[in-house]
Amino acid sequence: MISVSDNSVNSTLVETKTIIDTAERDRYGRPVDYKIVNNKIRRAVSDGVKSIALTGIMGQRYIAAAMNEKVSISIDGTPGNNLGAFMDGPLIEVFGNAQDMTGNTMSSGKIIVHGNAWDVTGLSMRGGKIFVKGSTGTRVGIHMKEFAQMSPQIVIGGRTGDYLGEYMAGGVILVLGENIPKQLSPVGLSIGSGIHGGRIFIRGKVEDHQIGVGAKLETVNDDDLKLINELINEYESYFGQLYSESGFVKVVPSSSRPFLGHFDPTQI
């Protein structure tokens, strides 16, 4: 079962805020099915709700997937895979951790995670922003691309795993490395492997052997610092002030065709 409470603020009965409580479990201890949660969200939005609070979330997948309404959704708990997948407009704020593939192929909107977000966060993002206070897993930001006037951005407060920005074709990834000891790197191996567009900014220790095929290290310039500071200011507005805001390096493509010459040219 699932309970919903609505609060109207004017005489036209346009509902502006809804709380969807998913804390109840069935006799086997299973959480409310994700389809029920999403149906409740969409019904609330169709009724004119602009702000939705989800409580008791425990692993439900596809929350707000493919939504294109300008609505804010706060989540208390841990959403499952594909949070905000294909979304084009909503603001989602998670007060907890997020699982894999958060923001998969999102076009616009914003996802703010007050904990960690795990593997393949931001897969194929085309626009919008993802802010993660904690750390992320492997293959974050892979296949990110710029589309028309849209340029996706991911900001990670802690550290990431291997293959950050793999096959990246556009957009920006910023790794802040907050609370990571200076002798350790906030990123893993094969950073930017296959990258042919976009930029990855990393604060902290990054060595040549961590850089993937087709990528190279560069020093940040004044335009880069302007963008970094803008993203840091937005990050701090959600999560609080950082300990440090200096010491960045940049990973960029070494060419527009990173795997040229790496494949067998024999015609089939």
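Helices, of at least four residues, and strands, of at least two, are DSSP runs numbered from the N terminus. In the predicted model described here, the chain contains two helices and twelve strands. Read from the N terminus, these elements follow the order β-β-α-β-β-β-β-β-β-β-β-β-α-β.

The overall dimensions of the chain were examined next. Along the principal axes, the C-alpha atoms occupy a box of roughly 60 × 55 × 40 Å. The radius of gyration is 20 Å, which agrees with the value near 18 Å that a compact globule of 268 residues would have.

Of the 268 residues, 49% count as buried. In soluble globular proteins, nonpolar side chains tend to be buried together. In this chain, the largest nonpolar core comprises 45 residues, of which I41, I52, L54 and I73 touch the most other members. Helix α1 (residues 34–46) supplies the largest share of this core, namely four residues. Another core, of 16 residues, lies apart from it and includes I112, L176, F201 and I228. The surroundings of I73 were considered in detail: when its neighbours within four places in sequence are left aside, I73 is in contact with I41, I52, L54, A64, M67, L91, I92 and E93.

Backbone geometry was also examined. Most residues other than glycine have a negative phi. A64, one of the residues in contact with I73, has a positive phi, near 65°. This residue is found in the loop between β3 (51–58) and β4 (72–78). Its relative accessible area is 0%, and A64 is therefore buried. A positive phi also occurs at T105, where the value is near 55°. T105 lies in the loop between β5 (88–95) and β6 (108–113). Because buried means under 20% relative accessible area, T105 counts as buried at 12% relative accessibility.

How values were computed
Residues numbered from 1 in each chain as written. Predicted model: local features only at pLDDT ≥ 70, side-chain atom pairs only at ≥ 80, totals over all residues. Heavy atoms only, no water. Core = buried A, V, L, I, M, F, W, Y, C linked by side-chain atoms within 4.5 Å. Buried < 20%, exposed > 50% of the residue type's maximum accessible area, 1.4 Å probe, protein only. Contact = heavy atoms within 4.5 Å. Rg over C-alpha atoms; globule rule 2.2 N^0.38 Å.
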